Amino acid sequence: MLANVNVTKLFPAAYKAQMAVEEAVEEAITAAGLDRLAVDLVKLRASQLNGCAFCLRMHTQDAIKNGETAERLAVVAAWWESQYFTPEEQAALTIAEQITRIGDLHTAASPGVDVESILDDKQIAALTWVAISINAWNRIAIASHYPVAP
């Protein structure tokens with residue numbers, strides 16, 4: 001069990017550095033011309049896999065503001081079994097899972113999405129950074145026991 005210590009308050013410089021990473025990731029998203037809903041899906045899926053309630057709530061709200069539907073949100077956890085997501089979104093979700101489960105990569109089942117035939121190198125790189133960044137945020141929020149109340 002993690003100690004009940006808010007790491008962001010005790011070492012604010014590290015938090016600021018993570019914010020700088022997030023700003024650079026936002027620039028990469030724009031430079032790669034990524035669809036905002038695909039980015040939201042990456043953040044949601046990684047947060048689901050990591051069990052980060054704080055980030056799930058935040059990025060669900062963001063996705064809804066960006067036009068996401070309740071039906072699609074309901075099936076993100078089993079996206080590969082639905083027909084709700086475009087090939088680009090499926091590629092983004094594949095990247096989210098590959099980065100989040102990087103330690104299990106050699107044993108995890110592949111969803112069968114050919115990411116490189118769907119996205120260009122810039123898009124793959126930007127989505128990889130989105131997944132890396134949200135995984136860091138998940139760990140910060142979980143380790144710091146960020147409150148999640150209605």
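Reader: Is Ile132 buried, exposed or partly exposed?

Author: This is a predicted model, in which local features need pLDDT of at least 70 and side-chain atom pairs count only at pLDDT 80 or more, while totals for chains, interfaces and linings use all residues. Residues are numbered from 1 along each chain as its sequence is written, and side-chain values use heavy atoms, with hydrogens and water left out. Ile132 is found in helix α8; helices (H or I, at least four residues) and strands (E, at least two) are DSSP runs numbered from the N terminus. Buried means under 20% relative accessible area, exposed over 50% and partly exposed in between (1.4 Å probe, protein chains only), so with its relative accessible area of 36% Ile132 is partly exposed.

Reader: What distance separates the C-alpha atoms of Ile132 and Ile99?

Author: Along the chain, Ile132 and Ile99 are 33 residues apart.

Reader: Which residues does His59 touch, not counting residues up to four places away in sequence?

Author: His59 has its place in helix α4 (residues 53-65). Because its relative accessibility is 6%, His59 counts as buried. Contact means heavy atoms within 4.5 Å. Not counting residues up to four places away in sequence, His59 touches Lys43, Leu44, Ser47 and Ile134.

Reader: Is Ser144 buried or exposed?

Author: Ser144 is found in the segment after α8 (121-143). Leaving aside neighbours within four places in sequence, Ser144 is in contact with Val5, Asn6, Val7 and Thr8. Its relative accessible area is 4%, so Ser144 is buried.

Reader: What is the phi of His145?

Author: His145 also has its place in the segment after α8, and at 33% relative accessibility His145 counts as partly exposed. Although His145 is not a glycine, its phi is positive, at about 55°.

Reader: Which residues of the largest nonpolar core touch the most other members?

Author: A nonpolar core is a set of buried Ala, Val, Leu, Ile, Met, Phe, Trp, Tyr and Cys residues joined through side-chain atoms within 4.5 Å. In soluble globular proteins, nonpolar side chains tend to be buried together. The largest core has 24 residues, and those touching the most other members are Leu34, Val42, Val115, Leu119 and Leu127.

Reader: How far apart are the mean positions of the positive and negative charges?

Author: Lys and Arg count as positive and Asp and Glu as negative, without His and the chain ends. The place of a charge is taken as NZ of Lys, CZ of Arg, CG of Asp or CD of Glu. For the 11 positive and 18 negative charges of the chain, the mean positions are 11 Å apart.
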